[in-house]
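Subject: Structure for your files

Hello,

Here is the structure I said I would pass on. My notes on it follow below.

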Amino acid sequence: MAAKSNAIKDWRNRIFQLVGGVLAFGVYLFLLAPSIIVIPVSFGSKYELKFPPTEYSLDLYRIFFSTESWTQPLFLSFRVAVITTIIATVIAVPAAYAMVRFDFTGKKLLIGLIMSPLVIPSVVFALGIYLYFSYFKLTGTATGLIIAHTMFVLPYTMVIVSAGIQKLDPNLEFGAMLMGAGRFRMLMTVVLPQLYPSIGAGALFAFLISFDEVVISWFLAGPTTTTLSVKMFSAIQWEISPVIAAVSTILTVLSLIVCLVNVALQKNTEIQN
Amino acid sequence: MATNAARNAGPFIAPAAILSLLVALVPLVFIFYTSTVGGTSTEAFVSILESNLFRRAIKTTVIVSLLASLISLVLGYIVALHLARQSARRRAALMVLVLLPFWTSILVKSYAFTIILGREGLVNSFLSWMTGAEVALRLIFNRIGVIVGMTNYLTPLVVFPVLASLLAIDPALYRAAEVMGAKPGRIFLTVTLPLSAPGILAGVLSAAVMSLGFFIVPALLGGRQDLMLANLVDFYTREVLDWNVASAVGVILFVMVAVFAVPAMLLRRRQQQGAH
């Protein structure tokens, strides 16, 4: 009797889980399909935009890398993203350390301001920066893009680095200073080496977010400062060219690399702790 | 003591503070300033409130944001529930399926949806093949396209907080409910759902906050009549060249986001305090 009711319960649980699993699988597919589908399309022919492609070639990549109106934006985006990443990381690491280890008046207000790009729509910042930068003739310049992007990626980098600092043992820092290390020496020899994985992850995301950023770049773009994402945005609107599939694949692969490196870095810190 | 700490923190925080003040705060002030033409005029606000274009855009923004957030909640909950039931190892692996789309450029996803939902896209081809008749549903350049695109972007945002609150539920509660004879459906309704309510609220609020400011998806997957507020900011800046009105729309968008963001932040603070 008991065995029978258990069997029914078991069967009922299994149905419940099966339905849940099938539904979840559908949602995973919905989430993943758009990122994945561009890959086969990008190896298709230059004459048609079709899935699945009828014939496979590298034509689209060849066109992409040999057309100046695509390669120039690619190099610009790369340059802007690299410089943004370096500045944002250098600023974010000490700021994150201060946020975790110190208390000071106005701290919450300052955190709110730094984190505001996570909540306030990009278009609001984009318009404000556009109006503001036109006073300094910074619109349409790479410098303007780098300044705006640095502000925009800073909260992401700070969140990741802060999470890393929160896991550190403050006693090691006290210990080092007790043994006579100055604050600077303590930071360089005790804090920083433990933080490399978080700093690496923060920098990677800074690069990715700057590289993918569209809205602010769209407002600041000038004839010679069209980033890859801005070029892509207008290309999707005005000419559904199959070359966009090649660009999309490059961007997806970039996201995948950042994702996987991040997972690996997190695993490493878990093992260390 | 506080001043001492501030002096210690000063050099660490100064570059970030200066950057945020000059490049985040000043532009926001600029928008408020421009929208009122220097604090003296409400003309820009009066003129947009009277314009049909604005009224339609604000209506579209509210309806689309609401629908997209609710659909994302359902989809996100399904995924979070599935993830919560896996072993830690499998969960980490499956998480990549949520994280990769989360970090994929919104341009890539929008472009992909033109391939999937277009007139001769994947969905229509599949339906034609299934039914044997020519199916050409209009799934793109209208509101459906916008909601599908936005839902795809927002679902991961719901998964993270809901999963966190599901994992915080004590497994003993499930065993107790089962021992007492509750069926899976009843356990879900009386244990899982109420205990994950904070995650649901956090997820749906952050989805709403994000969705109000959407710009790329309506521009690429919507039709002319599906302009949202963010697109209107662009329209007035670029085509009408009226920066006062563009800023006024920006201010309204900012206020709408704040209405949702403030409760979301208070909620997060309360949850963090609860956890300690």
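Chain B exposes about 13,300 Å², 68% of it from carbon and sulfur atoms; accessible areas come from the Shrake-Rupley method with a 1.4 Å probe, and for residues only the protein chains shown count as cover. This is a predicted model, in which local features need pLDDT of at least 70 and side-chain atom pairs pLDDT 80 or more, while totals for chains, interfaces and linings use all residues. Side-chain values use heavy atoms, without hydrogens and water, residues are numbered from 1 along each chain as its sequence is written, and chains are lettered from A and ligands numbered from 1 in the order written.

Of the 276 residues in chain B, 51% are buried (under 20% relative accessible area, 1.4 Å probe, protein chains only). Chain B has 13 helices and zero strands (DSSP runs: H or I of at least four residues for helices, E of at least two for strands). Its C-alpha atoms fill a box of roughly 75 × 70 × 30 Å along the principal axes.

As for the interface, 82 residues of chain A are in contact with 80 residues of chain B (heavy atoms within 4.5 Å). The area buried between the two chains is about 7,200 Å², with 83% from carbon and sulfur atoms; buried area is the accessible area (1.4 Å probe) lost on putting two parts together, summed over both. A:Tyr28, A:Leu31 and A:Tyr132 supply 10% of what chain A buries against chain B, more than any other three residues. Zero salt bridges are found across this interface (side-chain nitrogen of Lys or Arg within 4 Å of a carboxyl oxygen of Asp or Glu).

Regards

Technical notes: Buried < 20%, exposed > 50% of the residue type's maximum accessible area, 1.4 Å probe, protein only.
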